Amino acid sequence: MMTPQDIPLYEEVVNGFNRLSAADALGRESSDLRRTRQSAFERFRESGFPTIKNEDWKYTNIARWLKDEYALGGIPGGSGGAAAYGAVAENVRAAVERARVAELDAYIVLLVNGVWQKEDAGGLPKGVELLTVAEARQDPALSGYFERPADGRERYFAALNTALFSDGLFIRVDAGALPAKPLHIIHVFTADHNLLVQPRHVWVVNRQAELKVIESVVTAGVGTGAEAADDKGQATAKIWVNSLTEIIVHSDAKVDHTVVQTPGERTRLVQHTTVRQKRQSLYNNYNFTFPGADLVRNDLQIRLEEDHTETHLYGLYLAAGQQLVDNHTLVDHQKPACFSNELYKGVLLEQSTGVFNGKVYVHRDAQKTNAFQQNNNLVISKKATIDSKPELEIFADDVKCSHGSTVGQFSEEALFYLRARGISEDTAKGLLINAFAFDVTEKIKTAAVEAHVNQLISQHIPLTHA
Amino acid sequence: MLIIKNLHAEVEGKQILKGINLTVGAGEVHAIMGPNGSGKSSLASVLAGKENYEVTEGEVIFQGKNLLEMSPEVRAREGVFLAFQYPIEIPGVSNINFLKTALAEIRTHKGLPPLDAKEFLRLSKEKQKLVEFDAKLVNRSLNEGFSGGEKKRNEIFQLAMLEPALSILDETDSGLDIDALRIVSKGVNKLRSANNAFIIITHYQRLLEYIVPDFVHVLYNGRIVKSGTKELALELEEKGYDWLKEEAHENAPTI
């Protein structure tokens with residue numbers, strides 16, 4: 001087992017935190033925020049990076065990616081961040097084009113390594129305000145969102161983000177605002193040397209407001225810069241993204257949130273999202289992960305802090321190569337009469353590994369809870385694996401809860417039926433994978449986004465399956 | 001068109017076909033009848049290339065080529081079509097996309113360009129009408145939630161779209177009410193031509209009142225024990241299979 005001292009990144013973040021504390025930057029931050037950072041950093045120092053001995057990381061061994069050195073991006077004395085944008089502008093533009101959703105009428109918001117590129121922003125809908133996190137922090141009315149730790153207990157990557165975050169996007173939707181078009185947030189990550197980027201985003205959707213967001217996560221030529229090439233001209237630079245988003249959905253508000261993750265090789269993506277739902281609010285999340293990144297770890301935590309909320313979580317992960325895709329979800333039923341429904345489906349190709357851990361926690365006070373969860377997996381190759389773990393903890397007695405998990409292969413009958421009509425085995429498998437994914441993609445309410453996701457599925461299927 | 005010689009096949013080590021001989025010419029309709037478990041559906045599966053059947057002896061020549069060497073998809077592209085006894089439901093695969101994909105692969109195999117969207121639509125409309133297939137079903141997921149009759153009609157619709165040289169109808173009449181039976185038969189009769197052939201596998205004579213065969217064969221215990229014309233089907237309807245079973249046992253080679 002690696003001790004913290006063996007991990008180059010551990011030393012880098014300790015030094016980075018010391019630099020941050022010493023730098024002027026902190027002088028401009030409130031003492032509350034400084035305390036929050038300090039305590040988060042202490043927690044990180046205690047926990048270190050997670051290993052397979054930690055229950056939440058049991059099936060996700062990240063040791064192989066922690067052997068690489070990374071520079072800490074976005075803090076004083078560090079590197080990366082906005083400055084890197086100019087040098088690779090062309091790659092970034094190409095990445096943005098890849099992320100674009102055809103025929104989607106949306107407000108495009110571009111972030112490069114977590115830094116909002118304001119100059120690229122068009123008009124914004126009425127009632128929607130966007131700020132950089134740096135700006136929001138200066139505003140006494142908003143700084144509270146950053147001064148409080150997300151939950152005060154987080155460890156590992158979430159604590160590290162809290163201690164060292166620098167950039168990100170703050171979104172506020174006014175009470176009662178009904179924007180005509182969705183926001184399409186395109187996150188481009190790029191590096192010409194090994195880099196750790198830690199964006200932090202806060203969305204506040206006020207009472208009776210509605211917000212539709214599509215987030216695309218892409219990389220632009222990670223490791224394709226001249227400096228990043230080895231002596232054979234092969235790209236080598238790696239990027240670790242440790243992102244944290246907090247979403248507050250106030251009473252009677254509705255949020256429709258789609259995430260499309262298509263970062264490329266040599267990307268390690270750890271994405272933590274905490275959603276706090278208030279009375280009678282609705283939150284829908286659609287999460288799509290495609291082949292590319294070495295590691296994708298999504299932590300999606302839904303805190304139902306008030307009664308009569310509704311939550312739908314839909315996920316589809318398509319993993320290939322040596323990829324590891326891990327989805328950890330938590331639906332925390334704290335109050336009565338909340339409804340949650342979750343459907344995650346996985347397709348594991350080649351030598352990929354999938355992890356699904358879906359926890360539903362029903363507190364003693366949360367009577368009349370309806371909580372449903374389903375995880376289905378299609379394991380295509382003999383060398384692919386899936387670890388699926390549903391977890392239900394129920395402390396109330398008047399609830400309806402169910403969960404289920406399946407792991408299967410192609411139906412031989414269905415394959416033969418398709419082949420008996422002249423369809424090649426590969427195409428037949430592609431059709432069946434698309435059919436398997438259909439249960440999830442059909443849930444997307446925006447036709448253009450659904451078409452975009454279906455197109456991404458066809459792009460990766462069929463592959464050489466074994 | 002099709003020559004089957006001394007075909008032996010087994011599934012999971014159990015011998016099912018024990019020396020089938022059958023020749024089907026272009027323009028002909030052959031009915032294969034027989035009691036349950038005689039090997040009728042197995043013969044259909046072996047011809048279509050189902051992988052859990054192992055051919056242990058004999059050969060099958062289709063239009064001058066060795067059929068048994070071909071994968072199921074190549075057989076289909078060469079012109080063999082199996083109308084399934086139990087069509088599979090595949091939620092999420094649209095009926096029409098499935099057919100478009102199948103037709104494109106068959107046309108590519110024949111060196112023909114794919115149909116454009118307009119031509120495909122026209123063809124689909126024409127064939128729907130021909131086999132009286134409900135347009136609403138065309139755009140639904142493949143067989144999902146279809147009634148038994150709708151599934152069988154979908155098989156005939158696919159047959160009409162793909163225009164195979166040899167169609168094998170595996171108990172297409174089972175589970176059909178009399179109206180559905182009439183519609184399915186009418187469709188098949190319209191599709192009959194001097195260039196194609198049909199093998200109709202059925203348990204009952206009923207279907208053969210609508211699709212009149214040129215030849216009738218009785219399969220029993222993995223062999224064709226009697227062949228004749230359509231009158232044989234009537235005789236079977238009247239007398240059942242028992243007299244043939246007895247005959248077959250008398251004629252069986254003794255060791």
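**Figure 1. A network of salt bridges links A:Arg419, A:Glu425, A:Lys429, B:Glu51 and B:Glu73.** A salt bridge is counted where a side-chain nitrogen of Lys or Arg lies within 4 Å of a carboxyl oxygen of Asp or Glu. The model is predicted: local features need pLDDT of at least 70, side-chain atom pairs count only at pLDDT 80 or more, and totals for chains, interfaces and linings use all residues. Residues are numbered from 1 along each chain as its sequence is written, chains are lettered from A and ligands numbered from 1 in the order in which they are written, and side-chain values use heavy atoms, with hydrogens and water left out.

**Figure 2. A:Arg419 and B:Glu73 form a salt bridge, with N and O 2.6 Å apart.** A:Arg419 belongs to helix H10 (residues 412–419) of chain A and B:Glu73 to helix H2 (residues 72–78) of chain B, so this pair joins two chains. Helices (H or I, at least four residues) and strands (E, at least two) are DSSP runs, numbered from the N terminus. Both A:Arg419 and B:Glu73 are buried. Here, buried means under 20% relative accessible area, exposed means over 50%, and partly exposed lies in between (1.4 Å probe, protein chains only).

**Figure 3. A:Arg421 and B:Glu155 meet in a salt bridge whose closest N and O atoms are 2.7 Å apart.** This pair also crosses between chains: B:Glu155 is in helix H6 (residues 148–162) of chain B, while A:Arg421 is in the loop between H10 and helix H11 (425–441) of chain A. B:Glu155 has 1% relative accessibility and therefore counts as buried. A:Arg421, at 0% relative accessibility, counts as buried too.

**Figure 4. Within chain A, the side chains of A:Arg35 and A:Asp32 form a salt bridge (2.5 Å, N to O).** The two residues are separated by about one helical turn, because they stand three residues apart in helix H3 (residues 31–47) of chain A. A:Arg35 counts as exposed because its relative accessibility is 52%. A:Asp32 has a relative accessibility of 35%, so this residue counts as partly exposed.

**Figure 5. Chain A, the setting for these views, has 12 helices and 21 strands.** Of its 466 residues, 59% count as buried. Among contacts in chain A with a separation of 6 or more, 85% come from residues 24 or more positions apart; a contact means heavy atoms within 4.5 Å. Over all chains, the count of salt bridges comes to 40.
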